Amino acid sequence: MYCSNDYFDDAEKFLSAISLRGPNFATTGKYHWLFRGQCDSDRLLPRAWRKGELAPFIESDEPKTAKDYATIEFRIAQEFFTLADRRGLQLPEDTQYLRREILGLDEIMWTSWPDVQHLSLLALAQHNGLPTRLLDWTWNPYVAAYFAAEGVLRNRKRSHAKSTIEVSALAVDVASESLLNSQLGISTNVEEQIAIVTAPSAGNENLRAQEGAFTLVRLPESEDTSQDLVPIALDDLIASFQGDGTHYTLLYRFELDASQTDFLLYLLQAEGVSTSSVWPGYHGVADEVTLRLGPSAPNE
């Protein structure tokens with residue numbers, strides 16, 4: 001069994017289940033698991049691969065082929081780099097090689113997009129609200145729980161009722177195909193590869209405060225980029241793994257009834273995780289003041 005699902009209707013039990021001190025993660029500890037918070041059972045699909053997310057950046061129809069997606073994603077990264085550089089902002093792993101690609105002096109290899117030299121730039125763009133094929137995670141399960149609860153609050157204000165808060169936990173081992181095959185007896189049986197991506201936290205305050213990291217599902221390299229791209233969610237990919245891995249779990253999914261949202265946020269605040277801690281700076285402080293004093297403030 002490579003995926004496990006647990007449901008809770010009590011915020012304290014939910015936090016105990018996702019805690020690094022709890023029974024699920026205490027034997028391995030921090031940096032062996034990544035955590036992601038979401039509303040409801042959304043698929044583990046990066047934003048750039050979700051339907052309609054690239055529409056604001058194009059005038060034509062929705063992208064279809066692998067090259068369509070790569071071209072739009074590159075243009076977004078290109079514009080982000082160019083404008084940030086013109087405004088004198090620090091950019092991660094800034095090299096003349098990367099600049100030549102951004103300026104269009106060197107040809108981009110669409111078959112391997114994104115290449116390793118693009119990842120830190122994509123991470124910075126992702127943490128500032130632009131769509132990429134990176135999927136956000138954190139090393140801190142409480143930060144993941146905060147973002148899931150925040151999503152419920154956001155949808156509550158929009159009158160979009162949500163039934164569950166969800167935190168996924170991903171084993172870092174999933175990125176090592178050789179480990180899965182040789183030690184755990186698990187065959188991925190697919191051509192896609194899962195990569196764990198880290199990026200410099202210097203110059204990226206959000207990444208540092210949120211203890212962020214990313215996953216990237218690398219599609220098989222092909223000379224034919226005109227084929228339609230069929231995005232695959234990370235959880236679907238892991239569920240397709242085969243072999244005799246018995247009870248080894250690569251992906252946990254913990255769900256909490258959304259009625260516990262306010263109490264969960266109160267408990268997280270007691271752990272030092274709140275709006276002002278995950279969004280550093282005055283803006284995060286101001287947002288937390290609004291949450292604490294507004295009509296929808298959690299009941300303490």
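Tyr252 is buried, with a relative accessible area of 13%; buried means under 20% relative accessible area, exposed over 50% and partly exposed in between, with a 1.4 Å probe and protein chains only. Trp33 is buried as well, at 7%. Please note that this is a predicted model, in which local features need pLDDT of at least 70, side-chain atom pairs count only at pLDDT 80 or more, and totals for chains, interfaces and linings use all residues. Residues are numbered from 1 along each chain as its sequence is written, and side-chain values use heavy atoms, with hydrogens and water left out.

How many aromatic pairs are there? Rings of Phe, Tyr and Trp (its six-membered ring) pair if their centres lie within 6.5 Å; planes under 30 degrees apart count as stacked, over 60 as edge-to-face and the rest as tilted. By this rule, the count is twelve. One of them joins Trp33 and Tyr252, a tilted pair at 5.5 Å centre to centre with 50° between the planes. This pair links distant parts of the chain, 219 residues apart: Trp33 belongs to strand S2 (residues 33–39) and Tyr252 to strand S9 (residues 251–257). Helices (H or I, at least four residues) and strands (E, at least two) are DSSP runs, numbered from the N terminus.

Phe74 and Trp113 form an edge-to-face pair, 5.9 Å between centres and 90° between planes. Phe74 lies in helix H2 (residues 66–86) and Trp113 in the loop between helix H3 (96–102) and helix H4 (119–126), so the pair ties together parts 39 residues apart in sequence. Phe74 is buried at 8% relative accessibility, and Trp113 is buried at 7%.

Finally, Trp33 and Tyr252 belong to one aromatic cluster with Phe25, Phe35 and Phe254.
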